[in-house]
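Here is a short report for a reader meeting this structure for the first time. Take a look at the model, then read on.

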Amino acid sequence: MSPTGEDGMTRRVEAVDWSVYLVTDSRCGEGRPLLQVVEAALRGGIGVVQYREKQAATRTMVREAEALRELCEAYGASFFVNDRIDVALAVDAHGVHLGQDDMPVPMARRLLGPERIIGVTVHNAEEIRRAQAQGADVLSIAPVFATSTKPDHQTPLGIQGLRKLAGLCERPVVAIAGITLENAADVIRAGVDGVCVVSAVMAAPDPETAARELRRRVEEARAARMG
Ligand SMILES: Cc1ncc(COP(=O)(O)OP(=O)(O)O)c(N)n1
Ligand SMILES: Cc1nc(C(=O)O)sc1CCOP(=O)(O)O
Ligand SMILES: [Mg+2]
């Protein structure tokens, strides 16, 4: 492995740019091809893409995930697969994202090895404690706000709830659900490293501009927080 931690598609967690993290949903793209929307978002400056596809056949998933991984590589972005460790390994993703009902982190680690990044969804202090103890590399606090993109989400935390949980995180931490251009700065000011979005970029009339503007607001809020 090189001194920067890069070796093929392995990447140290410190090298990931969490600022704007795009989670894909093919139902949100307003009929546009998934790759076209994601490439526009990459031009706009997103640092992470997570392939999240709940319904597709495995053959479709590996085809789409491989194409997205190549696109991310071309733009220097990090690439994650939601839920499916087999798909992540098959397409050589940087990592996976796992929820509380998915593969437990210790088992995922055995399958993925030490280099790949494991992200975990957390909703409360106990889940944060456990995810950190089990070696999760990045935490995603959810849900900040209500969203129709994931109708089975838990009770929203709001900005105050997010701030309390972010303060317990000793690893990189992002937040998800209902995040838009209008509230992204509030989310960053609550103490997270980046914002995760589906519809704010996937469903935007111009995903490139939406991603660029989100990034601008995240960077501004982070700079204000630091100094
Ligand atoms: C970055 C990020 N955060 C949270 C989730 C949600 O994960 P999970 O609770 O497993 O729900 P599904 O996405 O699998 O429906 C996520 N995918 N990504
Ligand atoms: C993938 C995901 N996970 C959530 C959780 O609460 O765990 S909410 C969500 C979807 C977020 O979509 P949008 O940015 O369109 O609100
Ligand atoms: Mg999941």
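A crossing of two helices is called right-handed if the near helix is turned clockwise from the far one by less than a right angle, and left-handed if it is turned anticlockwise. Keep that in mind for a pair of helices below. The model is predicted.

**Two helices**

Helix α1 covers residues 34–43, and helix α9 covers residues 207–226. Their axes lie 7 Å apart, at an angle of about 35 degrees. The crossing of α1 and α9 is right-handed. On the α1 side, Val37, Ala40, Ala41 and Arg43 make the contact. They meet Pro207, Glu208 and Ala211 of α9. This contact has 5 nonpolar and 2 charged residues, and no polar ones.

**A covered strand**

Is β5 buried or exposed? It is mostly covered, with 6 of its 6 residues buried. In a regular strand, side chains alternate between the two faces of the sheet. Ile117, Gly119 and Thr121 are buried on one side of β5, and Ile118, Val120 and Val122 on the other. Strand β4 (residues 95–98) pairs with β5 in the parallel sense, over 4 bridges. Gly95 has Ile117 as its bridge partner in β5.

**Two ligands**

β5 (117–122) also supplies at least two residues of the shell around ligand 1, as does β7 (173–176). Of the 16 residues around ligand 1, the nearest are Gly99, Thr121, Ser140, Ile176 and Cys196. Ligand 2 is surrounded by 16 residues, the closest being Ala142, Pro143, Thr147, Thr149 and Ser199. The table gives each shell by class.

| Shell | Nonpolar | Polar | Charged |
|---|---|---|---|
| Ligand 2 | 9 residues | 6 residues | 1 residue |

Technical notes
Residues numbered from 1 in each chain as written. Chains lettered and ligands numbered in written order. Predicted model: local features only at pLDDT ≥ 70, side-chain atom pairs only at ≥ 80, totals over all residues. Near = placed C-beta within 6 Å. Nonpolar A, V, L, I, M, F, W, Y, C, P; charged D, E, K, R; others polar. Axes fitted to C-alpha atoms, helices over the stretch in contact; angles between N-to-C directions. Contact = placed C-beta atoms within 7 Å. Buried ≥ 20, exposed ≤ 12 C-beta atoms within 10 Å, placed from the backbone. Pairing = 2+ DSSP bridges.
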